[in-house]
Amino acid sequence: MSDETLRFLHHPTSQPCRAVHQLMLENDIAFDDVVVNLMDGENETPEFRQRFNPTGQVPILVDGDFVLWESAAIGFYLNERFALPAHWLGATMRQRARVQQCLHWHSTYLRRGAGAFFYSHFAECIWGRRDYSREIAKGRHVLAESMGHMQGWLEASPYVCGDEISFADLMHYHEFVSHQAGAILSDDDWARFPAVRAWFDRITERPHARAVSEMIMQVGAMRQAGTLIPMTRRTSLAKGTELDPVIPA
Ligand SMILES: N[C@@H](CCC(=O)N[C@@H](CS)C(=O)NCC(=O)O)C(=O)O
């Protein structure tokens with residue numbers, strides 16, 4: 001195995017990037033911090049795609065000659081590579097399976113709720129002012145349904161997979177950080193899911209949670225003030241989630 005320092009390619013506005021970033025910081029894993037400029041399409045170049053990730057997405061971990069993308073896989077790799085405390089990816093066969101379950105659910109369901117944030121704040125920066133209300137409504141629906149599930153789990157235990165924090169909590173948590181940054185959830189929304197709110201506040205108090213979220217909070221504040229962020233391209237969430245065919249490819 002290579003002794004070179006890991007390289008972490010990411011962007012601080014990205015939910016899965018922030019989750020991996022927090023995992024590494026909480027576990028004192030040394031890495032070279034490489035911010036990929038998603039706003040100007042650096043990740044779209046053929047060189048980038050060939051060298052790092054054919055999908056053009058971040059996060060990406062580079063460990064010597066091994067290049068890995070997809071945040072859940074990166075968490076799994078870091079866990080074994082650095083023998084992380086067992087609670088992060090699970091101590092027993094069943095706990096590990098439970099963490100995997102939550103990571104899959106995050107990827108296939110909760111993450112879709114990010115459309116509420118994306119179409120409220122980033123779509124206008126990319127395609128201009130249009131009616132995105134149907135996409136926003138879809139995202140909000142997924143988000144509310146997700147919070148309903150999470151309320152049940154978090155009434156039963158303090159973290160989504162049980163009594164201790166896992167990587168799945170970080171992945172879930174950073175979706176909500178973006179919703180907070182964009183004021184997607186009102187006090188009334190949160191009040192419907194008090195266990196989710198308490199969990200969110202608990203993780204916010206952890207070391208590094210606020211630091212890795214600084215930029216998205218600033219971007220959210222700018223968007224709420226009406227400032228347009230120059231963005232030239234679709235981000236992953238918009239790919240294939242459009243309800244309205246008039247949104248250009
Ligand atoms: N399933 C992927 C999703 C990664 C993802 O959505 N990355 C976004 C930033 S949040 C991205 O790189 N967007 C740029 C693009 O798709 O071109 C993971 O969990 O790593």
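In which sense do E3 and strand E4 (residues 66–69) pair, and over how many bridges? I looked this up in a predicted model. E3 and E4 pair in the antiparallel sense, over four bridges.

**Entry 1: the hairpin.** Leucine 61 stands opposite leucine 68 in E4. I then checked the turn. The hairpin of E3 and E4 has two residues between the strands. Glycine 64 takes a positive phi there, near 65°.

**Entry 2: the other partner of E3.** I turned to strand E1 (residues 6–10). E1 also pairs with E3 in the antiparallel sense, here over three bridges. For arginine 7, I found valine 62 as the bridge partner in E3.

**Entry 3: the faces of E3.** Are the faces of strand E3 (residues 60–63) covered or open? I found both covered. Ile60 and Val62 are buried on one side. Leu61 and Asp63 are buried on the other.

**Entry 4: H1 against H10.** I moved on to the helices. I noted the angle and the distance between the axes, since two packed helices are described by these. The axes of helix H1 (residues 15–26) and helix H10 (residues 209–224) come within 9 Å. They cross at roughly 150°. Angles over 145 degrees count as roughly antiparallel, so H1 and H10 are roughly antiparallel to each other. H1 passes H10 in a right-handed crossing.

Which residues make the contact? From H1, I listed Arg18, His21, Gln22 and Leu25. From H10, I listed Ala209, Val212, Ser213 and Ile216. I sorted the contact of H1 with H10 by class: four residues are nonpolar, three polar and one charged.

Methods:
Residues are numbered from 1 along each chain as its sequence is written. This is a predicted model: local features need pLDDT of at least 70, side-chain atom pairs count only at pLDDT 80 or more; totals for chains, interfaces and linings use all residues. Side-chain values use heavy atoms; hydrogens and water are left out. Axes are lines fitted to C-alpha atoms, for helices over the stretch in contact, and angles run from 0 to 180 degrees between N-to-C directions. Angles under 35 degrees count as roughly parallel, over 145 as roughly antiparallel, 65 to 115 as roughly perpendicular and the rest as oblique. A crossing is left-handed if the near helix is turned anticlockwise from the far one by less than a right angle, and right-handed if clockwise. Contact means heavy atoms within 4.5 Å. Ala, Val, Leu, Ile, Met, Phe, Trp, Tyr, Cys and Pro count as nonpolar, Asp, Glu, Lys and Arg as charged, and the others, Gly among them, as polar. Buried means under 20% relative accessible area, exposed over 50%, partly exposed in between (1.4 Å probe, protein chains only). Two strands pair if DSSP finds at least two bridges between them.
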